[in-house]
Amino acid sequence: MSESEFLAVAEGVLDAVEAGFEQAGDAADLDIECSRTGNVLDITFDNGSKIIVNTQAPMQEIWVAARAGGFHYRLRDGRWLDTRDGSELFAVLSRLGSAQAGAELTISP
């Protein structure tokens with residue numbers, strides 16, 4: 001995949017992550033703030049903790065930073081999978097978001 005193709009696909013993923021957190025926050029009656037600067041999405045929770053999702057075009061990866069650590073995802077067979085353990089991006093974002101928000105969140109593409 002070319003860099004421009006990756007950036008287009010990754011932009012769609014960032015859009016889906018942002019919309020997913022906004023919808024999950026509304027459903028759980030939580031104030032979750034999402035803000036984007038270029039290829040970086042900051043997700044801020046009521047308690048001040050953050051999850052940061054950004055794209056890394058040279059490596060064609062999406063990176064996630066959260067209290068639980070840092071994670072790298074690569075597109076394989078139409079799914080964004082962790083380069084270490086193979087876990088799926090949106091499932092992990094649901095788990096991380098739930099832990100940081102203190103409420104059950106489901107983030108879906």
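How do β1 and β2 run, and how many bridges join them? They run antiparallel, joined by 5 bridges. The notes below start from there.

This is a predicted model, in which local features need pLDDT of at least 70, side-chain atom pairs count only at pLDDT 80 or more, and totals for chains, interfaces and linings use all residues. Residues are numbered from 1 along each chain as its sequence is written, and side-chain values use heavy atoms, with hydrogens and water left out.

1. Strand β1 covers residues 33-37. Strand β2 covers residues 40-44. Helices (H or I, at least four residues) and strands (E, at least two) are DSSP runs, numbered from the N terminus. The two strands form a hairpin with 2 residues between them. Gly-38 sits in the turn and has a positive phi of about 60°. Ser-35 has Asp-42 of β2 as its bridge partner.

2. **The sheet.** The sheet is open and has 6 strands, in the order β1-β2-β3-β4-β5-β6. Pairing is antiparallel; two strands count as paired if DSSP finds at least two bridges between them. The edges are β1 and β6 (79-82), each pairing on one side only. On average, neighbouring strands are turned by 20° against each other, direction ignored.

3. The bridge partner of Arg-74 in β6 is Leu-81. Helix α2 packs on the sheet, where it touches β3 (50-56), β4, β5 and β6. Contact means heavy atoms within 4.5 Å. The direction of α2 makes about 155° with that of β3.

4. **Arg-76.** This residue belongs to strand β5. Arg-76 is partly exposed, at a relative accessible area of 35%. Buried means under 20% relative accessible area, exposed over 50%, and partly exposed in between (1.4 Å probe, protein chains only). Leaving aside residues up to four places away in sequence, Arg-76 touches Leu-81, Asp-82 and Thr-83. Gly-86 is 10 residues from Arg-76 in sequence and 9.7 Å from it in space, C-alpha to C-alpha.

5. **The helix pair.** Helix α1 (residues 3-27) packs with helix α2 (residues 89-101) at an angle of about 35°. Their axes are 12 Å apart. Axes are lines fitted to C-alpha atoms, for helices over the stretch in contact, and angles run from 0 to 180 degrees between N-to-C directions. From α1, the contact uses Val-13, Ala-16, Val-17 and Phe-21. From α2, it uses Leu-89, Phe-90, Leu-93 and Gly-97. By class, these residues are 7 nonpolar, 1 polar and no charged. Ala, Val, Leu, Ile, Met, Phe, Trp, Tyr, Cys and Pro count as nonpolar, Asp, Glu, Lys and Arg as charged, and the others, Gly among them, as polar.

6. **Ser-98.** Helix α2 also holds Ser-98. Ser-98 is buried, with a relative accessible area of 13%. Not counting residues up to four places away in sequence, Ser-98 touches Ala-103, Glu-104 and Leu-105.

7. The structure holds 4 salt bridges. A salt bridge is a side-chain nitrogen of Lys or Arg within 4 Å of a carboxyl oxygen of Asp or Glu. One joins the side chains of Arg-36 and Glu-11 (2.5 Å, N to O). Arg-36 is in strand β1 and Glu-11 in helix α1, so this pair ties together parts 25 residues apart in sequence. Another joins Asp-15 and Arg-36, again through side chains (2.5 Å, N to O). That pair links helix α1 to strand β1 across 21 residues. Arg-36 is partly exposed at 25% relative accessible area. Glu-11 is partly exposed at 36%, and Asp-15 is partly exposed at 39%.

8. **Glu-61 with Arg-74.** These two also form a salt bridge, with the closest N and O atoms 2.2 Å apart. Glu-61 lies in strand β4 (residues 61-66) and Arg-74 in strand β5 (residues 69-76), so the pair ties together parts 13 residues apart in sequence. Is Glu-61 buried or exposed? Glu-61 counts as buried, at 4% relative accessibility. Arg-74 counts as partly exposed, at 36%. Elsewhere, salt bridges that share partners join Glu-11, Asp-15, Glu-18 and Arg-36 into one network.
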